[in-house]
Amino acid sequence: MFDKCCVTSLKTKWKNFRTNSLSLKLLIATWAVSSFATLILTAFQLFMDYQRDFDKLQNNFAIIKNSYLDSMAEHLWSYDTRLLEIQLDGLSRLQGVGYLKLSADSKIIYESGKSDPSEDSYKRFEIFHKNTNEVLGSLDVELDVKSLREKYFTEAIWIFIRQAGKTAIVVFFLYFIFNQILVVHIRSIAQFLRLRAAQGDIRNNTPLILKRREHPREDELDILVASINQFRTDILEAYDKLETLNQALEHKVEERTRQLTTKNESLEKAMFQIKRMQATLVAQERLASLGSLTASVAHEIRNPLNFVLNFSELLSDSDDPSEVHEVSRVILKHSQRIDQIVRSMQILSGHDSDQLETADVNELVKKAYQQTITNRSLASSFLPPKVNYRLGDNLMVPVYATSLARALGNVIENAIYALEKKTQLDKDYVPELTISTSLKGDTVEISVRDNGVGVPGILGEKIFDPFLTTKAPGEGAGLGLTVAFNIAQRHGGTLKYSSDFGAWTEFVMSLPATQER
Amino acid sequence: MIQIVIVDDEADTHLLYKLKMKKIFSSMGELNLVSFLNAPDCLQYLKDKASPATDLILTDINMPDMDGFELLQKVKQLNGKIPVYMVSAYESVEFRNKAENLGASRFISKPVDFNSLGELLRKDLNLEPS
């Protein structure tokens with residue numbers, strides 16, 4: 001399975017070798033595992049061999065004891081040194097015997113080899129006479145274990161060197177084999193994919209083909225390539241689908257945008273129409289309210305005018321002094337009524353010539369009360385109670401003095417009227433009227449409180465509506481509180497009331513102590 | 001003798017009618033003027049058998065409790081023959097039409113022109129200057 005396809009230069013190959021981490025990893029892993037296995041197995045084998053040779057060596061002691069000692073005792077007994085020498089020469093030629101020494105009567109009879117004091121495989125045999133058990137001498141034997149060890153050590157070193165070399169060669173070839181079989185192709189696949197991505201040319205439809213030798217059966221690489229190509233085809237299809245969808249979406253967005261624009265335009269048109277209609281409605285409403293106001297004003301003026309016109313006509317024909325007197329009084333009264341209405345209308349429309357000036361609120365309140373009393377005395381016989389003043393200090397405030405006096409007058413007139421009404425209903429009733437002024441923060445409060453008939457709760461804020469009156473015809477046009485409310489507003493203030501029907505009513509006018517206009 | 005009933009919630013009106021009618025009728029015979037401050041009192045008077053026959057009713061429209069239109073309807077139920085004059089300071093087509101539909105004889109606007117009123121009365125009551 002050696003591929004000869006990729007003709008690469010040696011340089012590239014070397015570079016590949018250095019950067020080819022997969023092959024390198026395999027190389028190192030194989031080498032390490034192989035070396036480890038060799039090390040273990042060889043060490044075991046060597047150990048076993050050594051153990052066998054060592055046992056064989058130790059066996060020499062037994063051979064010496066069983067086969068040599070008895071005859072050696074006989075020879076010592078007979079002191080046959082020749083035979084002893086022959087015997088000991090044979091003994092010294094036994095494998096592994098490194099040192100022999102026979103001594104008797106403190107004399108060394110025989111010695112061969114070299115004694116190594118560091119050697120621990122040493123044994124001394126006492127030689128006894130077979131029958132008397134007399135000690136005839138002693139035999140010292142040392143076994144040459146050191147050379148055995150050295151032999152095995154050298155052998156081990158050689159085995160390791162051989163094995164390492166063998167492994168290195170195998171691994172080296174494995175590296176190239178692995179490289180050619182797998183890594184090269186993986187690299188091609190990676191390059192293929194990278195190029196596709198880098199060029200951004202997803203539509204390039206050339207499939208991935210690895211340069212490999214013909215082989216009869218499909219292997220994992222073929223499966224991988226097939227999968228990648230399949231995946232590529234799938235992606236292409238998905239991309240096409242996405243593009244189609246995208247186009248459809250764009251189309252839809254365009255369509256929607258167009259619809260929205262159309263809708264927007266029609267909405268704007270509708271909005272414009274609504275605005276125009278609103279403006280028309282407002283104008284119409286204004287005209288209508290102007291119309292109804294005009295009708296109300298006309299009605300209010302025609303009533304007294306009816307008297308003024310007709311009575312004055314009578315006046316010119318009459319000779320009866322008492323009749324003249326009475327008619328004159330009625331004419332005056334209704335002329336004043338017309339005057340009141342016209343003045344009120346002027347105030348309501350803001351077309352009066354009042355100027356903002358700093359004035360003492362307490363003085364204004366007193367003046368308003370006096371004026372009200374004076375006006376009332378012409379038309380009514382009711383004597384109002386003495387007013388109970390609770391006035392605060394330092395109430396110099398910028399006001400429209402004439403208007404404010406009028407507004408306060410209207411409120412006070414209402415209060416006195418409520419007292420008068422109650423007096424007519426209840427003889428034992430003691431009317432009370434309290435007027436207070438005070439500075440609360442940056443607001444001046446003027447309160448007018450009476451214990452008169454009170455205001456029916458159902459009226460609520462309607463009490464301030466124009467032409468709403470509970471008074472009998474001719475007694476009031478229903479403009480007093482409207483005017484007062486308007487004047488309070490013109491000052492940037494408020495006019496509010498609270499009442500317990502049948503018991504009391506309190507009107508509170510709040511005015512800003514400093515004018516910010 | 002002619003009896004005219006006046007209904008108006010403003011007392012000064014009564015004085016006005018009294019003085020003016022006196023002048024008008026000075027040339028047309030005897031007049032009995034009966035005045036009421038509200039419509040219920042007037043109805044009460046009309047229902048009363050003891051009351052003398054009324055030839056004409058002059059009523060204001062804007063009145064508390066019961067207005068002129070309601071009074072007109074009630075009077076028409078009571079006796080359809082009595083002519084009713086409606087008097088109002090509201091000079092509007094709606095009021096005129098409503099008064100007409102409810103069977104009022106005349107609709108008089110304020111301020112009242114008593115010369116014209118005199119002419120109308122003379123015509124409607126068939127009075128001849130004496």
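A helix crossing is left-handed if the near helix is turned anticlockwise from the far one by less than a right angle, and right-handed if clockwise. The model in these views is predicted, so that local features need pLDDT of at least 70 and side-chain atom pairs count only at pLDDT 80 or more, whereas totals for chains, interfaces and linings use all residues. Residues are numbered from 1 along each chain as its sequence is written, while chains are lettered from A and ligands numbered from 1 in the order in which they are written.

**View 1. Helices α8 and α9 of chain A cross in a left-handed sense.** Helices (H or I, at least four residues) and strands (E, at least two) are DSSP runs, numbered from the N terminus. The axes of α8(A), residues 401-425, and α9(A), residues 480-490, come within 8 Å and cross at roughly 140 degrees, where axes are lines fitted to C-alpha atoms, for helices over the stretch in contact, and angles run from 0 to 180 degrees between N-to-C directions. The two helices are therefore oblique to each other, given that angles under 35 degrees count as roughly parallel, over 145 as roughly antiparallel, 65 to 115 as roughly perpendicular and the rest as oblique. On α8(A) the contact is made by Ser403(A), Leu404(A), Arg406(A), Ala407(A), Asn410(A), Val411(A), Glu413(A) and Asn414(A), and on α9(A) by Gly480(A), Leu481(A), Val483(A), Ala484(A), Ile487(A), Ala488(A) and Arg490(A); two residues are in contact if their C-beta atoms, placed from the backbone, lie within 7 Å. Sorted by class, the residues of this contact are eight nonpolar, four polar and three charged, with Ala, Val, Leu, Ile, Met, Phe, Trp, Tyr, Cys and Pro taken as nonpolar, Asp, Glu, Lys and Arg as charged, and the others, Gly among them, as polar.

**View 2. An open sheet of four strands in chain A has antiparallel pairing.** The strand order is β2-β1-β4-β3, and two strands pair if DSSP finds at least two bridges between them. At the edges lie β2(A), residues 107-113, and β3(A), residues 122-128, each of which pairs on one side only. From one strand to the next the twist averages 15 degrees. Helix α3(A), residues 81-92, packs on the sheet and touches β1(A) and β2(A), its direction making about 30 degrees with that of β2(A).

**View 3. Strand β1 of chain A, residues 97-104, is joined by six bridges to β4(A), residues 135-143, and by six bridges to β2(A).** Both pairings are antiparallel, that with β4(A) as well as that with β2(A). Lys101(A) stands opposite Asp140(A) in β4(A) and also opposite Glu111(A) in β2(A). In the hairpin of β1(A) and β2(A), where two residues lie between the strands, Asp105(A) takes a positive phi near 50 degrees.

**View 4. Helices α2 and α3 of chain B come within 10 Å of each other, axis to axis.** The axes of α2(B), residues 39-47, and α3(B), residues 68-78, cross at roughly 10 degrees, and the helices are therefore roughly parallel. Ala39(B), Cys42(B), Leu43(B), Leu46(B) and Lys47(B) in α2(B) meet Glu70(B), Leu71(B), Lys74(B), Val75(B) and Leu78(B) in α3(B). This contact has seven nonpolar and three charged residues, with no polar ones.

**View 5. Strand β4 of chain B, residues 84-88, is largely enclosed by the rest of the structure, since five of its five residues are buried.** A residue is buried if 20 or more other C-beta atoms lie within 10 Å of its own, exposed if 12 or fewer, and partly exposed in between, with C-beta atoms placed from the backbone. Val84(B), Met86(B) and Ser88(B) point one way from β4(B), and Tyr85(B) and Val87(B) point the other way. Strand β3(B), residues 56-60, pairs with β4(B) in the parallel sense over four bridges, and Asp60(B) stands opposite Val87(B). Across chain B, five helices and five strands are present, running β-α-β-α-β-α-β-α-β-α from the N terminus on, and buried residues make up 30% of the 130 residues.

**View 6. Chains A and B meet in a contact with 15 residues from chain A and 14 residues from chain B.** On the side of chain B that touches chain A, the largest share, five residues, comes from helix α1(B), residues 11-25. That side of chain B divides into eight nonpolar, one polar and five charged residues. Chain A comes to nine helices and eleven strands, and 21% of its 517 residues count as buried.
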